[in-house]
Amino acid sequence: MAAASISLSHNSILTPPPIPKTKTFLGVLPNSIKFPVTTSRAAAAAITSSRAISVVPRATSVDSGSTSEAGSTFHGLCYVVGDNIDTDQIIPAEYLTLVPSKPDEYEKLGSYALIGLPANYTTRFIDLNEMKTKYKIVIAGENFGCGSSREHAPVALGASGVATVVAESYARIFFRNSVATGEIYPLESEGRLCDECNTGDVVTIEMDESRLINHTTGKEYKLKPIGDAGPVIQAGGIFAYARSTGMIPAQN
């Protein structure tokens, strides 16, 4: 069966056609870039938003996370949040003047990640006088990344040292920005892991097997496959992926 092709523009409002979960969805992006996005229905809707993608350049000279086996496995401490964590909680608007393409400002942006969380989150995401978080994995509830469409939200998490977020569901623009910038892997859980895990638990995410192992509790959980969005994120975002595959010329 042929994959659907959608053209994005500033002036069009698109409603993606219904597609089965197993079908590869192709989006047509600015500059006529075509790339596989994901196999999940929710993610397809996220990428086909009517807003044009505006990519915040990734500062590749700064390490934005720890991975192994070409990004297929993540291991470390997790930080647990609840439902409806919005982009102002992820990175407040006052820090949006920082320019992520400048390595020093990219690092500084990361130091403010999740600084807007309510006071009931008594464990700091980033310790005082530190620029990076010790939590490589964020586990969240429903509607993670709701609110404004700021691309700085996934960039700030990536700059802080987060490798992936595992949420019950995402705001579609946040999911889309995560793929576009290539900063973090936005994985979806099949259950409510934010009620099953605690901040500080040691976890491993095995991308190839779509599972999360909580070594602290000894439990394992099934995750939804990220599909063809994985290679785009692993490459460093839309334009890095397009250059690596020859869709657009490589930078000099």
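Reply: Let's start with Arg192, which is partly exposed at 29% relative accessibility. On this scale buried means under 20% relative accessible area, exposed means over 50%, and partly exposed is what lies in between, using a 1.4 Å probe and protein chains only. Keep in mind that this is a predicted model, where local features need pLDDT of at least 70, side-chain atom pairs count only at pLDDT 80 or more, and totals for chains, interfaces and linings use all residues. Residues are numbered from 1 along each chain as its sequence is written, and side-chain values use heavy atoms, with hydrogens and water left out.

What does Arg192 pair with? Its salt-bridge partner is Glu168, with the closest N and O atoms 2.7 Å apart. A salt bridge here is a side-chain nitrogen of Lys or Arg within 4 Å of a carboxyl oxygen of Asp or Glu. Glu168 sits in the loop between strand 6 (164-167) and helix 5 (172-181), while Arg192 sits in the loop between strand 7 (185-189) and strand 8 (202-206), so the pair ties together parts that are 24 residues apart in sequence. Helices (H or I, at least four residues) and strands (E, at least two) are DSSP runs, numbered from the N terminus. Glu168 is partly exposed too, with a relative accessible area of 23%.

Glu196 forms a salt bridge with Lys219, their closest N and O atoms being 3.7 Å apart. This pair also links distant parts of the chain, since Lys219 is in strand 10 (residues 219-224) and Glu196 is in the loop between strand 7 and strand 8, 23 residues apart. Lys219 is partly exposed at 43% relative accessible area, and Glu196 is partly exposed at 36%. Back at Arg192, salt bridges that share partners join it with Asp83, Glu168 and Asp195 into one network. Elsewhere, Arg211 pairs with Glu220 in a salt bridge whose closest N and O atoms are 2.8 Å apart. By the salt-bridge rule, the count comes to 10.

Strand 7 contains Pro186, and Pro186 is buried, with a relative accessible area of 1%. Leaving out residues up to four places away in sequence, Pro186 touches Val165, Tyr170, Phe175, Ser178, Ile226 and Ile233; contact means heavy atoms within 4.5 Å. The C-alpha atoms of Pro186 and Phe144, 42 residues apart along the chain, are separated by 9.7 Å.

Finally, a word on confidence. pLDDT is the predictor's confidence in each residue, from 0 to 100. The protein averages a pLDDT of 80, and 71% of the residues score at least 70. Over residues 1-70, however, pLDDT stays under 50. Where pLDDT is low, the predicted coordinates should not be read in detail.
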